[in-house]
Amino acid sequence: MDTTVHNPDQYMLDFRQIITNGRKKIGLLIGAGAPVSINIGDSGNYKPLIPNIEGLTNQVRENLKGIEKDAYISLEQQVSSPNIELVLSRVRGLSEVIGVAEVCGLNGEGYKSLSKSICDSIKSTVDVGLPDGENPYSDLISWVNGITRKEPVEIFTTNYDLLFEEAMERARTPYFDGFVGAKSAFFDPSSISNNDLPVNWIRLWKLHGSIGGLKIREAML
């Protein structure tokens, strides 16, 4: 009977050869743990640049006040494994259907106000910049820029922050996220369907939305 041996070094070598091949299509998925990996705390005191979903949920809860906080906590208790995404979906659902009736002390307008308060809290937490010097985001963009490619690199992220935007702008790297304009940016679906942009433009797709000005959309639904 033949015996096979898994060699991780060989797999990593093969993987490096694939991603450094300028003819290959490259798509990168960046999850919530990316900004958590950047430590901005003092020596011996770890503090992530942006907290993970659990930390963000705790931060939102702490920032809410009065009856909005009471309603938020009540909704958390109704959701299995509660986190900010699930609770915000519940908040927005209630704002659309209950009208003048009250649930957990708030009516429809109250839940619209709570939704805004939650989004403002999220924005204040994730609206931070990259630290000076080397960091994983800038390193990744430098790697992308270091290879001449026949196909554009696409970056998919579930995060709302603007860290990739900042990293690309620091490196003077052009990118496209589906929006055009500066003062009042708007979504341009034709730019996506035609794919007429130059190859050196990175495609950045924010799967849950972005805090970037008017690019904010109904996130976390």
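Which residue in E6 does Glu-154 stand opposite? Glu-154 stands opposite Arg-203.

The model is predicted: local features need pLDDT of at least 70, side-chain atom pairs count only at pLDDT 80 or more, and totals for chains, interfaces and linings use all residues. Residues are numbered from 1 along each chain as its sequence is written, and side-chain values use heavy atoms, with hydrogens and water left out.

## The sheet

Four strands form an open sheet in the order E1-E2-E6-E3, with parallel pairing. Strands (E, at least two residues) and helices (H or I, at least four) are DSSP runs, numbered from the N terminus. Two strands pair if DSSP finds at least two bridges between them. E1 and strand E3 (175-176) stand at the edges. Each has a single partner strand, so one side of each is left without a neighbour in the sheet.

The pairings are listed here.

| Strand pair | Sense | Bridges |
|---|---|---|
| E1 and E2 (residues 154-157) | parallel | four |
| E2 and E6 | parallel | four |
| E3 and E6 | parallel | two |

Gly-27 stands opposite Glu-154 in E2. Arg-203 in E6 is the bridge partner of Phe-176. Arg-203 also stands opposite Glu-154.

How many of the five residues of E6 are buried? Five of the five are, so E6 is largely enclosed by the rest of the structure. Buried means under 20% relative accessible area, exposed means over 50%, and partly exposed lies in between (1.4 Å probe, protein chains only). In a regular strand the side chains alternate between the two faces of the sheet. Both faces of E6 are covered. Ile-202, Leu-204 and Lys-206 are buried on one side, Arg-203 and Trp-205 on the other.

Helix H8 lies across E1, E2, E3 and E6. H8 runs at about 165 degrees to E6. Axes are lines fitted to C-alpha atoms, for helices over the stretch in contact, and angles run from 0 to 180 degrees between N-to-C directions.

## The core

The largest nonpolar core has 42 residues. Such a core is a set of buried Ala, Val, Leu, Ile, Met, Phe, Trp, Tyr and Cys residues joined through side-chain atoms within 4.5 Å. Tyr-111, Ile-118, Ile-155 and Phe-164 have the most contacts inside this core. Elements that give two or more residues to the core include strand E1 (27-30), helix H6 (108-126), helix H8 (163-170) and strand E6 (202-206).

Contact means heavy atoms within 4.5 Å. Not counting residues up to four places away in sequence, Tyr-111 touches Ala-71, Leu-75, Val-91, Leu-94, Ser-95, Ile-98, Val-103, Cys-104 and Leu-106.

## Helix H3

Leu-56, Thr-57 and Val-60 are buried in H3. They cover an arc of only 100 degrees around the axis, which puts them on the same side of H3. The arc is that of the directions from the helix axis to the C-beta atoms. The buried residues of H3 pack against H4, H5 and H6. The face turned away from the buried side carries the exposed residues Glu-54 and Glu-62.

Thr-57 sits in H3 (residues 53-63). Its relative accessible area is 3%. Leaving aside neighbours within four places in sequence, Thr-57 is in contact with Tyr-72, Glu-76, Asn-83 and Ile-84.

## Cysteines and positive phi

How many disulfides does a search of the whole structure find? The search finds zero. A disulfide is a pair of cysteine sulfur atoms within 2.5 Å. The sulfur of Cys-104 is 19 Å from the closest cysteine sulfur, in Cys-119, which is too far for a bond. Cys-104 is partly exposed, with a relative accessible area of 27%. Cys-119 also counts as partly exposed, at 27% relative accessibility.

Most residues other than glycine have a negative phi. Cys-104, in the loop between H5 and H6, has a positive phi of about 55 degrees although it is not a glycine. Ser-81 lies in the loop between H4 and H5. Its phi is near 50 degrees, again a positive value in a residue other than glycine. Ser-81 is exposed, at 62% relative accessibility.
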